[in-house]
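Open the structure in your viewer and keep the sequence panel beside it. The stops below say what to select and what to look for.

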Amino acid sequence: MKNTVLDQFSEMTSIEQQKNEIRSNIKTLQRDLIKASFKQTSAPGAYSELLLAINVERAKLKQLNQAVE
């Protein structure tokens, strides 16, 4: 019984760490997106690539949130 409680706590902690990492990645990508929006003429594909990367990270976060519920 004690091991299962510890395992569940460990799993929840791991999921929270993954969520925090994904959130951090999203923030970084959003900063890069803002920078790319100013330089869109020099790198036209960068903006759309960053948007795609943000959406991928958000999908990962959504999956983790659903796994917890």
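Begin with Thr28, which sits in helix 1 (residues 2-38). Helices here are DSSP runs of H or I with at least four residues, strands are E runs of at least two, and numbering starts from the N terminus. Thr28 is partly exposed, at 35% relative accessibility. The classes are buried under 20% relative accessible area, exposed over 50%, and partly exposed in between, with a 1.4 Å probe and protein chains only.

A word on what is loaded. This is a predicted model, where local features need pLDDT of at least 70, side-chain atom pairs count only at pLDDT 80 or more, and totals for chains, interfaces and linings use all residues. Residues are numbered from 1 along each chain as its sequence is written, and side-chain values use heavy atoms, with hydrogens and water left out.

**Whole chain**

Zoom out. The chain has 2 helices and 0 strands. Of its 69 residues, 17% are buried. Its accessible surface is about 5,500 Å², and carbon and sulfur atoms hold 55% of that. These areas come from the Shrake-Rupley method with a 1.4 Å probe; for residues, only the protein chains shown count as cover. Contact means heavy atoms within 4.5 Å. Among contacts between residues at least 6 apart in sequence, 70% join residues at least 24 apart.

**Helix 2**

Select residues 44-68, which form helix 2. Helix 2 has 25 residues and spans 38 Å from first C-alpha to last, close to the 36 Å expected. The expected span is 1.5 Å times one less than the number of residues. Colour its buried residues next: Leu50, Ile54, Glu57, Leu61 and Leu64.

Is Glu57 buried or exposed? Glu57 is buried, at 11% relative accessible area. Beyond four places in sequence, its contacts are Ile22, Asn25, Ile26 and Leu29. Now show the side chain of Lys60, which is partly exposed at 38% relative accessibility. Lys60 and Glu57 meet in a salt bridge of 3.2 Å, N to O. The rule asks for a side-chain nitrogen of Lys or Arg within 4 Å of a carboxyl oxygen of Asp or Glu. The two residues are 3 apart in helix 2, about one turn.

**Lys19 and Glu16**

By this rule the count is 2 salt bridges. For the other pair, select Lys19 and Glu16, whose side chains meet at 3.4 Å, N to O. Both lie in helix 1, 3 residues apart, again about one turn. Lys19 is buried, with a relative accessible area of 7%, while Glu16 is partly exposed at 34%. Side chains of opposite charge can pair when their charged atoms come close.

**The core**

Which residues make up the largest nonpolar core? Select these 10: Ile15, Ile22, Ile26, Leu29, Leu33, Ala36, Leu50, Ile54, Leu61 and Leu64. Helix 1 gives the most, with 6 residues. Such a core is a set of buried Ala, Val, Leu, Ile, Met, Phe, Trp, Tyr and Cys residues joined through side-chain atoms within 4.5 Å.

Finish on Ile22. Leaving out residues up to four places away in sequence, Ile22 touches Glu57, Lys60, Leu61 and Leu64.
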